[in-house]
Amino acid sequence: QVRLVESGGGLVQPGGSLSLSCLASGSNFILYDMGWYRQAPGKQREMVASISRAGAAKYGDSVNGRFTISRDLAKDIIFLQMNSLQPEDTAVYYCKVDGLSGGRKYDDWGQGTQVTVAS
């Protein structure tokens with residue numbers, strides 16, 4: 001079984017920065033893509049950034065150039081560095097992973113971490 005633990009959310013002023021992390025722990029698993037999604041009140045969940053095992057990163061249009069995703073394969077952890085944050089970045093940020101667990105296809109979501117951008 002795989003456990004996802006997110007951390008790093010909080011309150012930041014417009015123009016500020018925050019860093020999120022998502023750690024996967026457990027046994028007998030391998031993760032392919034890891035990434036971040038976000039959901040603001042009244043809006044659909046949207047992809048923020050994802051990264052493959054090979055390190056190929058993708059970004060949502062609204063965060064491209066401001067956010068950077070990185071990954072430590074050995075530790076099964078990803079980071080999201082968020083710069084130039086704006087009020088419209090306020091949302092619950094969810095870690096999303098997919099891969100194999102116990103030899104079977106696996107995908108899961110983290111519990112979410114709140115990011116609030118306000119002055």
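Which residue forms a salt bridge with Arg38, the closest N and O atoms being 2.9 Å apart? Asp89 does.

## Basis of the model

This is a predicted model, in which local features need pLDDT of at least 70, side-chain atom pairs count only at pLDDT 80 or more, and totals for chains, interfaces and linings use all residues. Residues are numbered from 1 along each chain as its sequence is written, and side-chain values use heavy atoms, with hydrogens and water left out.

## Salt bridges

The whole structure holds three salt bridges. Each is a side-chain nitrogen of Lys or Arg within 4 Å of a carboxyl oxygen of Asp or Glu. Asp89 and Arg38 link distant parts of the chain, 51 residues apart. Asp89 is in the loop between strands E8 (77-82) and E9, and Arg38 is in strand E4. Strands are DSSP runs of at least two residues, numbered from the N terminus.

Arg38 also bridges to Glu46, with 2.6 Å between the closest N and O atoms. Asp89 meets Arg66 as well, at 2.8 Å, N to O. Shared partners join Arg38, Glu46, Arg66 and Asp89 into one network.

Asp89 is buried, at 0% relative accessible area. Arg38 is buried too, at 6%. Glu46 is partly exposed, at 35%. Buried means under 20% relative accessible area, exposed over 50%, and partly exposed in between (1.4 Å probe, protein chains only).

## Aromatic cluster

Tyr37, Tyr94 and Trp109 form one aromatic cluster. Rings of Phe, Tyr and Trp (its six-membered ring) pair if their centres lie within 6.5 Å; planes under 30 degrees apart count as stacked, over 60 as edge-to-face and the rest as tilted. The count comes to two aromatic pairs. Tyr37 lies in strand E4 (residues 29-39) and Trp109 in strand E10 (residues 104-109), 72 residues apart.

Tyr94 and Trp109 are edge-to-face as well, at 6.5 Å and 90°. Tyr94 is in strand E9 (residues 91-101) and Trp109 in E10, so this pair ties together parts 15 residues apart in sequence. Tyr94 is buried, at 15% relative accessible area. Trp109 is partly exposed, at 32%.

## Charges over the rings

The charged end of Arg45 sits over the ring of Tyr94, 3.8 Å from its centre. Lys96 lies over the face of Trp109, 5.6 Å from the ring centre. The rule asks for NZ of Lys or CZ of Arg within 6 Å of the ring centre and within 35 degrees of the ring normal.

Terms used:
Helix = DSSP H or I, 4+ residues; strand = E, 2+ residues; numbered from the N terminus.
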